[in-house]
Amino acid sequence: MPSVKLQKLALAGVSTARVLPPQVPSQQAQRPTVTVVVPCYNYGRYLEECVASILTQPDVEPDVIIVDDASPDGSGEVADGIAARDQRVQVIHHPVNTGHITTYNDGLSAATGKYVVLLSADDLLTPGALGRAVALMEAEPSVGFVYGYALTHRDGPLPPARQDVQSWTVFGGEEWIDWRCRSASNSIVCPEVVMRTDIQHAIGGYRTDLPHTGDFEMWLRAAAVADVGLLGGVDQAYYRLHGENMSRGIYASVLTNLQEREHAIDTALATMRPNLRQPDRLQETAHRALAREALEHAITAVVKHEDAENSVRAYREFAAKCWASAPELRNWRLLDSADPSRVNALRMRSIYYVKNLQARVSWRRRRWSGI
């Protein structure tokens, strides 16, 4: 693995990011063990390719736990066929469908490797992903989980993946939580995360009351007890986009997404409060960010004529409930204005276009920095 420098990102003038030795080892005295949990419901057609992307990973000893949630498409039989050909694969069969949260947790609780990954049956690891993540955690025992970037794709040829790490960053756990609260958003898709199994078992699994943002809440919980590692400029997984993705289905509503993110942040901060120095400040930061975002969506509804009256009311109700000072914000006052003039319309359009530009900049920053 090439010699690289640790990327340092300042947080309010002070960063707890630590500089690593100039070279992170890629070869260990013993190849670390990594358990990859593959939850599967009606994704039998993807299983072979998914498991192959795991078992061909270099520099680690991978094993696979496929959890079939009573799939009616024959996924269980496909999984059994893979396990019969390779002793590194085991299968857990649910006799009845239990839903994705139970499926995730059953697999994670059975993990025995030093490190663990949750990889949906329709997703893939990029070549060398496990070795890169594990190398950082082997070098830095304080790091509880590592992530990079997840490439999105649809059925068809895979886009080329970046495989050379450009920077290594280790965040203090609460510093990383602060970054997440500043935007009140999740910078992780999911399949690009490699976590220490003892950390996973210590913090527990996914919460049943957070079906949409359970992964976000889990990363926050893990960061409250350990540092966070980031592999910069490298693609760690392929995340498949299709109509069956849950995040693009029943939880696609913008308002629902805001509410679910609020619930995830509040739950994590309440659960891990004894481990945090400033839980109240973190919560205030997150709620302010959510209120601001809600008002931006309200302005978007006005500009795009999307059921503006009802949408604006709903977004403003959320903003006020989320953050008591929301009525003092400029965007709230702008929405409050009864002036239908051209000037007011132009102001709203300006905010709408700036919001879109900021979203594109944020995507590019996430693409290269992971934050």
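R316 lies over the face of W332, 4.3 Å from the ring centre; a charge counts as over a ring if NZ of Lys or CZ of Arg is within 6 Å of the ring centre and within 35 degrees of the ring normal. R180 is likewise placed over the face of W176, at 5.9 Å from the ring centre.

The model is predicted, with local features requiring pLDDT of at least 70 and side-chain atom pairs pLDDT 80 or more, while totals for chains, interfaces and linings use all residues. Residues are numbered from 1 along each chain as its sequence is written, and side-chain values use heavy atoms, with hydrogens and water left out.

The protein has 12 helices and 9 strands, taken as DSSP runs numbered from the N terminus (helices H or I, at least four residues; strands E, at least two). Of its 371 residues, 54% count as buried, that is, under 20% relative accessible area, with exposed over 50% and partly exposed in between (1.4 Å probe, protein chains only).

W176 also takes part in aromatic contacts. The structure holds 6 aromatic pairs, defined by ring centres within 6.5 Å for Phe, Tyr and Trp (its six-membered ring), with planes under 30 degrees apart stacked, over 60 edge-to-face and the rest tilted. The rings of Y147 and W176 have centres 6.1 Å apart and planes at 70°, so this pair is edge-to-face. Because Y147 belongs to strand β6 (residues 143-153) and W176 to helix α5, the pair ties together parts 29 residues apart in sequence. Both Y147 and W176 are buried. One aromatic cluster is formed by F145, Y147, W176 and W219.

Helix α5 (residues 173-183) approaches two helices, as tabulated below. Axes are lines fitted to C-alpha atoms, for helices over the stretch in contact, and angles run from 0 to 180 degrees between N-to-C directions.

| Helix pair | Axes within | Crossing angle |
|---|---|---|
| α5 and α9 (residues 279-303) | 6 Å | roughly 25° |
| α5 and α7 (residues 214-223) | 8 Å | roughly 150° |

In the contact of α5 with α7, G173, E174, W176, I177 and R180 meet F216, W219, L220 and A223, contact meaning heavy atoms within 4.5 Å. By class, this contact has 6 nonpolar, 1 polar and 2 charged residues; Ala, Val, Leu, Ile, Met, Phe, Trp, Tyr, Cys and Pro count as nonpolar, Asp, Glu, Lys and Arg as charged, and the others, Gly among them, as polar.

The axes of α5 and α9 cross at roughly 25°. Their contact is made by E174, I177, D178, C181, R182 and S183 of α5 with R281, L282, T285, A286, A289 and E293 of α9. The contact of α5 with α9 comprises 5 nonpolar, 2 polar and 5 charged residues.
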